[in-house]
Amino acid sequence: MSKTYRNMVKKKHILHSSIASQTLRDWQSFKIQITPQNLMYPVFIIEAENDMQYIPSMPGVARYGIKKLREHLEPLVQKGLCSILVFGVIETLPKDDCATIADSPENPVIRALPYLRKWFPSLTIACDVCLCPYSSHGHCGILSEAGIIDNAKSIKRIAEISLAYVKAGAHIVAPSDMMDGRIGAIKTLLVEHNLQNTASVLSYSCKFASNFYGPFRDAAKSKPAFGDRKCYQLPPGSDGIALRAAARDVQEGADFLMVKPIMAYIDVLKQVKDKYPDYPVFVYQVSGEYSMICSAAEKGIFDLKAALMEIMGSYRRAGADVIITYFTPLMLEWVGLRPKL
C-alpha cells in the first residue's frame, strides 16, 4: 500500500470491515429487522359464511366468509401472525344514506368478531371504521341535502359504529373516514361506556387522496357513486397538512398513527415519526402498491423476496413500527415462527 493511500484512508473511514460477513451486515441493519409483530394483515369478510371470492385486481387476495377465514388464518397464526385489520363487505344487505348496516347485528364484521376472539385468543383484531362500504352514496361520511359532508353527523355515526365493534370484540378501532374530530368523538363515547381501557384507536391520520386505491375499492365494493374524496382525504402534494392531521389526532387521544399509502409518502412517515417518536406509527401498503409489486415480480423485473424485503426494510428504516400489508402471509413464510411440533 502506498503512503499516499494510507494517508487517504483513515482508520475510521474503513467501512468494508463492518460488512464483511452476513452476521456483520445484520448487525448494521437492526433498524430494519422485520418480525411478525411488525406486520398486520388486512382481511375482507363477506356475508356468506362458507364462501371465498378471489379479487381479480389483487393476485392471491380473497374475500372470506367467516368459516373460510378461520381456515385461512389458522396456519398463519401458527406461523406467528399477531394482528389483523378487518373490513366488512356486503352484497345482499341494503345500503342507505346513513350506513345503517355498519353497526347492525347482521353486519359480517360484528357477526365474525366473537368467533375470531374464540378461535384465536392471542390474535389482536383491529376493525376499519368507515361508512363507505355500507352507504348508498359510497362516501365516508353523512351527506347534507346539498350533497356535501356533514361533519358533525358523520363523526357521531363513526363513533357509534366504533362502539358497536368494540362491544362485539374488537381490540382496536381504526377510523379511515378522515372526518375532523372523529378521534375525540370515539374516545368520548368509549369513556361513556367505560370501555376506554380495553379498546385502542388507530387513526388513519395521514391518509392521502391517492391513485393507488383502485383495487381496494373493487375488493370492498366501496367506490363513490359520484364525485371523489378529495375534500376530506389529504392532497398528495402536501406534507404540512398531514402533520397538522397527525397533531389533531394526537391531541384528541389517538393511541396509534398511520400513513397511507406509504410508497409515495415515505417522507411523511419520517416526519411523523420524528415529531411523535413515542407513538407507534403504522403504514399501509395499499392495494395498488401490492398489485404493482406482484405484477413486476411476475414479469421477472425483480425477485419478489429480495425486492419485498428491501421495500419493507425501507419502511422500517423510515420509522414504521407496523406494516399493514397483503403480503403478510408471504412475509410470515420468511420471518415468522416455525409451527410447534
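These notebook entries record what I looked up about several helices of one predicted model.

**Entry 1: basis.** I worked from a predicted model, in which local features need pLDDT of at least 70 and side-chain atom pairs count only at pLDDT 80 or more, while totals for chains, interfaces and linings use all residues. Residues are numbered from 1 along each chain as its sequence is written, and side-chain values use heavy atoms, with hydrogens and water left out.

**Entry 2: whole chain.** I noted 12 helices and 10 strands in the protein chain; these are DSSP runs numbered from the N terminus (helices H or I, at least four residues; strands E, at least two). The chain has 341 residues, and 53% of them count as buried (under 20% relative accessible area, with exposed over 50% and partly exposed in between; 1.4 Å probe, protein chains only). I then looked up contacts (heavy atoms within 4.5 Å). Of those between residues at least 6 apart in sequence, 75% join residues at least 24 apart.

**Entry 3: helix α6.** I found α6 mostly covered, with eight of its 11 residues buried. Among them are Arg 182, Ile 183, Lys 187 and Leu 190. The buried residues of α6 pack against α5 (151–168), β6 (172–175), β7 and α8. Just after this helix, Asn 194 takes a positive phi of about 55°.

**Entry 4: helix α8.** Helix α8 covers residues 240–252, and its 13 residues reach 19 Å from first C-alpha to last, close to the 18 Å expected at 1.5 Å a residue (the expected span is 1.5 Å times one less than the number of residues). I listed its buried residues as Ala 242, Leu 243, Ala 245, Ala 246, Ala 247, Arg 248, Asp 249 and Val 250. They pack against α6 (182–192), β7 (200–207), β8 (256–260) and α9 (266–275). Gly 253 follows α8 and has a positive phi, near 105°.

**Entry 5: α8 with α9.** The axes of α8 and α9 lie 10 Å apart, and the helices pack at an angle of about 40°. Axes are lines fitted to C-alpha atoms, for helices over the stretch in contact, and angles run from 0 to 180 degrees between N-to-C directions. The two helices are therefore oblique to each other (under 35 degrees counts as roughly parallel, over 145 as roughly antiparallel, 65 to 115 as roughly perpendicular, and the rest as oblique). I recorded the contact as made by Ala 242, Leu 243 and Ala 247 of α8 and by Val 268, Gln 271, Val 272 and Lys 275 of α9.

**Entry 6: α10 with α11.** Helix α10 (residues 287–298) and helix α11 (residues 304–318) have axes that come within 10 Å and cross at roughly 150°. Glu 289, Ile 293 and Ala 297 of α10 make the contact with Leu 304, Leu 308, Ile 311 and Tyr 315 of α11.

**Entry 7: helix α11.** The 15 residues of α11 reach 21 Å from first C-alpha to last, close to the 21 Å expected at 1.5 Å a residue. Its buried residues include Leu 308, Met 312, Tyr 315 and Arg 316. I noted that the cover over the buried residues of α11 includes α9, β9 (281–285), α10, β10 (322–325) and α12 (328–335).
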